[in-house]
Amino acid sequence: MTSLPQASAEALATSEALSQQIAAEIAAAGGWIPFSRYMELALYAPGLGYYAAGSAKLGAAGDFTTAPEMSALFGATLARQIAELLPQTAGVIYEFGAGTGKLAADILQKLEQLDALPLRYIIIDLSADLIERQQTLLRERLPHLLDKVSWLSTLPDTLDGIVIGNEVLDAMPCELLLHNGQNVSLRGVSLKDGQFVLAERALQDPALTELAQALIPAIAGYSSEISLANRAFIRTLGERLTRGALLFIDYGFPAHEYYHPQRHMGTLIGHYRHHTVTDPFYLPGLMDLTCHVDFTAIAETGLAAGLDLIGYTSQAQFLLSAGITDELALLDPEDVRHYVPQSAAVQKLCSPAEMGELFKVIGFGRGISIDWRGLIHGDRCHTL
């Protein structure tokens with residue numbers, strides 16, 4: 001921890017205020033709250049949580065870098081896929097967790113080039129700070145298209161269009177579980193000597209108990225996560241999608257890899273100033289907390305909601321099938337200062353040693369074609 005960059009006095013004051021709020025909730029709850037509630041507060045507490053406060057999150061000045069921040073070719077490639085599906089719907093794109101707004105800008109710019117602009121582009125985001133940044137970026141880059149973009153903080157009652165989310169599912173609170181060799185317990189947060197600590201309680205929720213018993217290996221000391229939140233999110237989308245597509249990109253595994261006996265420490269991790277942090281209580285509100293996505297659970301939830309599972313593959317396979325190399329070929333290789341960084345970004349996005357294999361793409365549909373260019377090729381390497 002001593003090597004991590006120092007936070008400013010203002011940032012430390014924000015973290016301390018959030019810590020006091022969390023401590024007060026723990027006290028009010030009798031000395032213990034589930035880890036999922038701690039994670040929810042650390043990320044989303046109004047005005048104080050990681051995604052609700054004003055610090056930079058993405059890019060060189062933030063805590064991590066996402067694919068859209070690396071290269072506009074990522075968004076342009078998604079736009080190629082969206083352009084084929086959008087005419088089969090009411091013509092609306094819904095983006096969840098739009099970050100700085102760069103993905104939205106890149107998609108809209110490419111769709112304009114393809115003469116395939118949406119009727120509306122709706123961004124659904126909980127962060128007032130990020131919404132302001134999105135509006136600023138879109139106003140600077142695409143002022144003539146700004147009237148197509150609108151913002152919501154709640155999910156519409158019905159959806160008819162293309163729903164996209166890049167690194168959205170991993171940011172939803174997860175339950176922490178621990179096997180002691182005999183049974184599974186729920187991990188939560190208590191206070192000891194004024195510090196947050198993990199503490200276990202017996203499972204009470206029958207549905208979570210059933211999942212834990214089915215998924216968590218019976219190995220003493222085995223710790224892992226189950227996200228009820230992202231299951232509920234996909235279920236709700238499935239209930240409200242009248243026609244269209246869901247397309248989610250995130251890092252994670254199918255269940256047989258996620259809950260492998262060798263993955264005994266789980267996947268929960270913090271991101272702070274481009275460093276990974278294993279202590280989930282480090283500077284609450286200043287550090288991103290995330291757990292990998294169980295894509296088997298996402299697939300099963302979507303199917304149970306009556307959606308068609310169009311496909312599941314690696315980010316590399318999806319981007320290559322959807323045409324990222326065609327996008328790169330549109331650039332002038334003689335313009336070395338521009339071309340070389342973009343070529344390097346494509347390499348990182350697609351390399352199995354970088355983001356190409358860890359990140360996955362899952363697609364669902366209802367009432368539209370099942371032939372998606374990014375998922376049309378058979379992929380025996382990635383099964384759920």
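User: What makes two strands a pair, and how many bridges join β3 to strand β4?

Analyst: Two strands pair if DSSP finds at least two bridges between them. In this predicted model, 4 bridges join β3 to strand β4 (residues 149–152). The count meets the cut-off of at least two, so β3 and β4 are a pair. The two strands run parallel, and Ile124 has Leu152 as its bridge partner in β4.

User: Which element lies between β3 and β4 in the β-α-β unit, and what is the hand of that unit?

Analyst: Helix α6 (residues 128–141) goes with β3 and β4 in this unit, which is right-handed.

User: How do you know that strand β2 and β3 pair, and in which sense?

Analyst: DSSP bridges decide it: at least two are needed, and β2 (residues 92–96) and β3 have 5. They therefore count as paired, in the parallel sense. Arg120 of β3 is the bridge partner of Val92. From β2 the chain crosses through helix α5 (residues 102–113) to β3, and this β-α-β crossover is right-handed.

User: Why is β3 called largely enclosed by the rest of the structure?

Analyst: Because 4 of the 5 residues of β3 (residues 120–124) are buried, where buried means under 20% relative accessible area.

User: What makes helix α11 largely enclosed, and which of its residues are buried?

Analyst: In α11 (residues 315–322), 6 of the 8 residues are buried, so the helix is largely enclosed by the rest of the structure. The buried residues are Gln315, Ala316, Phe318, Leu319, Ser321 and Ala322. After α11 comes Gly323, with a positive phi near 110°.

User: Are Cys174 and Cys350 buried or exposed?

Analyst: Both are set against the cut-off of under 20% relative accessible area. Cys174 has 0%, so Cys174 is buried. Cys350 has 12% and therefore also counts as buried.

User: Why are α1 and α2 called roughly antiparallel?

Analyst: Helix α1 (residues 9–28) and helix α2 (residues 35–44) pack at an angle of about 150°. Angles over 145 degrees count as roughly antiparallel, so α1 and α2 are roughly antiparallel to each other. Their axes are 10 Å apart.

User: What is the hand of the crossing in which α1 passes α2?

Analyst: The crossing of α1 and α2 is right-handed.

Note on methods. Residues numbered from 1 in each chain as written. Predicted model: local features only at pLDDT ≥ 70, side-chain atom pairs only at ≥ 80, totals over all residues. Heavy atoms only, no water. Buried < 20%, exposed > 50% of the residue type's maximum accessible area, 1.4 Å probe, protein only. Right-handed = clockwise from strand over helix to strand, strands pointing away. Axes fitted to C-alpha atoms, helices over the stretch in contact; angles between N-to-C directions. Parallel < 35°, antiparallel > 145°, perpendicular 65-115°, else oblique. Left-handed = near helix turned anticlockwise from the far one by under 90°.
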